[in-house]
Amino acid sequence: MQAKKRYLILFSAGACLILLLYFGGMQTPLSKSNNRRDDRSLDGHHGSPQDVISGVYNGKRCRMDSCFDFSLCKTNGFKVYVYPQQKGEKMSESYQNILSSIEASRFYTSDPGQACLFVLSLDTLDRDILSPQYVHNLRTKVQNLHLWNNGKNHLIFNLYSGTWPDYTEDLGFDFGQAMLAKASIGTENFRPNFDVSIPLFGKDHPSAGGERGYLKYNSIPPYRKYVLVFKGKRYLTGIGSDTRNALYHVHNSEDVVLLTTCKHGKDWQKHKDARCDLDNAEYDKHDYREMLHNSTFCLVPRGRRLGSFRFLEALQAACVPVILSNGWEMPFSEIIHWNTAAVIGDERLLLQIPSTVRSIHQDNILSLRQQTQFLWEAYFSSVERIVLTTLEIIHDRVLQQAARSNLMWNSLPGGLYSLPQYSSYLGDFPFHYAKLGIKPRPKFTAIIHAVTPLVSQSQPILKLLVAVAKSQHCVQVIILWNCDKPLPAKHRWPATAVPVLVIDGESKVMSSRFLPYDTIPTDAVLSLDEDTVLSTTEVDFAFTVWQSFPERIVGYPARSHFWDSNKERWGYTSKWTNDYSMVLTGAAIYHRYYHYLYTSYLPASLRGLVDQLSNCEDILMNFLVSAVTKLPPIKVTQKKQYKETMMVQTSRASRWADPDHFAQRQSCMNKFASWFGSMPLVHSNMRLDPVLFKDQVSILRKKYKDIERL
């Protein structure tokens with residue numbers, strides 16, 4: 001008995017000693033490695049490849065407050081610098097699109113001294129060593145960059161990391177303290193509020209603009225031919241094979257159609273199993289697009305990596321994604337509430353997925369589907385959208401006092417068009433009025449754009465000033481003096497019941513009419529050309545209409561666009577037809593936020609084009625507002641002589657009869673469409689007239705009776 005006790009004591013002591021040595025041995029090298037890494041971060045030396053822990057784990061504790069230098073952003077704000085492309089370095093088309101999107105954005109600077117964030121010109125998208133797009137010797141090339149600074153304030157974009165057979169998230173180089181904008185990133189390696197998870201997108205993903213979502217109308221009930229579909233590769237061995245290999249268990253060939261194929265790769269026949277031939281035959285019978293557009297839910301299982309191309313395809317098709325990728329950090333998870341647009345499943349509970357999606361109420365299905373369309377168009381429809389969303393997320397971290405709210409990110413029109421520098425209160429944005437149940441203030445400020453000298457008391461601008469000032473809704477008239485001549489004396493302006501403020505135009509350029517002047521106290525802005533002819537009644541009626549549509553442009557002179565198939569370009573027309581897509585800002589009302597958006601969101605290149613031509617500013621404003629709202633402007637009652645009056649004016653400001661002026665506007669249409677990536681203008685054939693307009697009743701019964709006399 002005593003011998004047995006001694007044996008047990010010796011055994012326990014030996015086991016404890018082994019455990020102690022084991023854990024001690026594991027801890028000691030790690031501690032040394034950490035010390036070396038800390039030394040490198042202090043002196044800038046990065047040692048040999050053996051000293052470098054995998055790029056995924058190096059700097060894993062980085063957060064904005066520890067690995068980002070906020071002082072670089074204090075002087076010039078959030079500016080992004082792209083390194084010049086090095087001679088002889090190959091670059092994929094996708095990465096070129098990313099860099100082009102940055103360079104075309106409002107954040108770009110060509111001066112590294114002004115930059116807050118730095119982006120490499122070295123292509124880091126594909127870090128699969130077997131890929132032809134793989135850039136060799138990236139570690140050395142990055143370390144030789146004079147601004148690298150161990151990656152601090154750098155952003156690295158990546159779509160593919162690791163290689164066969166385990167497809168780890170290692171980028172193959174030490175990215176130090178740089179932030180990652182990475183697809184297929186796992187929650188274990190994701191550094192919250194530092195990295196940005198982006199979606200996996202293909203080389204054919206549109207560089208800008210992109211197609212709109214496929215949900216054209218809301219069908220009630222919102223059910224489709226299929227409940228749940230999937231069509232894709234099945235991996236016979238290796239990582240990512242378990243879930244896809246098990247899909248046949250829930251496939252019923254009726255409303256749950258989950259199709260896989262083994263027929264991919266060079267050696268697929270060597271590894272095929274007993275189900276491959278049957279799966280391949282079933283796979284070839286179905287058209288993927290037909291399935292995608294006729295299913296309520298789309299399964300998005302992980303592939304070799306956590307992300308999948310099926311994710312964006314499902315979003316665009318208004319097919320609610322059902323995610324089966326345990327440990328995947330969802331794209332833009334920092335800002336998007338994915339539970340409102342997707343079903344997050346568990347790979348271990350695959351057999352429960354059909355019953356889970358069948359249990360979702362039709363009201364929730366409709367809401368999920370609508371949200372997929374919003375998210376697709378707001379953040380995922382193009383490379384540009386993905387890049388800008390990434391930059392805006394980082395921007396909000398840097399300038400926390402001007403960060404967007406979750407509601408701004410997750411409701412129309414989305415965070416890209418809701419600039420928090422304008423206001424942090426949702427009620428200051430016209431597109432949130434209806435959601436909040438509020439109305440705009442019942443007053444407007446008129447801005448008259450003056451470009452000709454005041455030489456006569458009978459000039460149209462003076463008559464316009466008097467008519468506008470008489471409106472019961474007008475609180476102030478601003479004369480924007482963009483004339484080369486000195487400001488007229490105060491006594492030259494007629495006496496009015498509301499204040500008249502004359503502002504000397506900044507640089508005398510056309511875009512100055514859309515500057516966000518602090519002197520505009522109202523939500524509504526009535527924009528007017530100096531030769532516009534409007535009565536007080538017309539102004540009152542237009543403003544009344546605008547109060548019901550505060551997110552749109554409401555006004556009188558309408559124009560339209562069309563696609564010229566012969567010239568393969570967009571055309572501009574002023575012909576009176578049965579529809580229109582623009583309301584010119586020579587006589588229009590809109591929300592003052594669009595002044596801020598025009599000045600702060602649009603790139604300097606577009607505003608510079610407008611200023612150079614002294615033309616097209618009204619077209620650009622229509623492009624912008626339609627891009628935000630996805631809606632057409634509102635045209636109100638047109639008096640017949642408006643067009644004729646505009647055409648016969650002899651002032652220098654009226655260029656309507658100049659053929660060069662018209663040709664410039666044609667050119668502007670195509671340049672603007674190119675920047676937006678698509679044509680945002682929307683046609684409409686609706687015109688709003690006063691109730692009883694032209695009706696055969698007494699004129700005394702009509703509220704806006706003066707309109708009919710004009």
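**Labels and their cut-offs**

Tutor: Arg513 is buried, and Glu617 is buried as well; buried means under 20% relative accessible area, exposed over 50% and partly exposed in between, with a 1.4 Å probe and protein chains only. This is a predicted model, in which local features need pLDDT of at least 70 and side-chain atom pairs count only at pLDDT 80 or more, while totals for chains, interfaces and linings use all residues. Residues are numbered from 1 along each chain as its sequence is written, and side-chain values use heavy atoms, with hydrogens and water left out.

Student: What makes Arg513 and Glu617 a salt bridge?

Tutor: A salt bridge is a side-chain nitrogen of Lys or Arg within 4 Å of a carboxyl oxygen of Asp or Glu. The closest N and O atoms of Arg513 and Glu617 are 3.1 Å apart, so the pair meets this rule. The pair links distant parts of the chain, 104 residues apart: Arg513 is in the loop between strand S15 (500-504) and strand S16 (524-529), and Glu617 is in helix H19 (residues 617-629). Helices (H or I, at least four residues) and strands (E, at least two) are DSSP runs, numbered from the N terminus.

Student: How many salt bridges does this rule give?

Tutor: The count is 23. Among them is Glu282 with Lys285, at 3.9 Å between the closest N and O atoms; both lie in helix H7 (residues 276-285), 3 residues apart, about one turn of the helix.

Student: Why is Lys285 called exposed?

Tutor: Lys285 has 63% relative accessibility and therefore counts as exposed. Glu282, at 21%, is partly exposed.

Student: How do you know whether Asp279 is buried or exposed?

Tutor: Asp279 has 13% relative accessibility, so it counts as buried. Its salt-bridge partner Arg275, at 3.6 Å from N to O, has 21% and counts as partly exposed.

Student: Why is the aromatic pair of Tyr379 and Trp409 called tilted?

Tutor: Rings of Phe, Tyr and Trp (its six-membered ring) pair if their centres lie within 6.5 Å; planes under 30 degrees apart count as stacked, over 60 as edge-to-face and the rest as tilted. Tyr379 and Trp409 are 5.8 Å apart, centre to centre, with 50 degrees between the planes, so the pair is tilted. Tyr379 is in helix H11 (residues 362-380) and Trp409 in helix H13 (residues 406-410). Both residues are buried.
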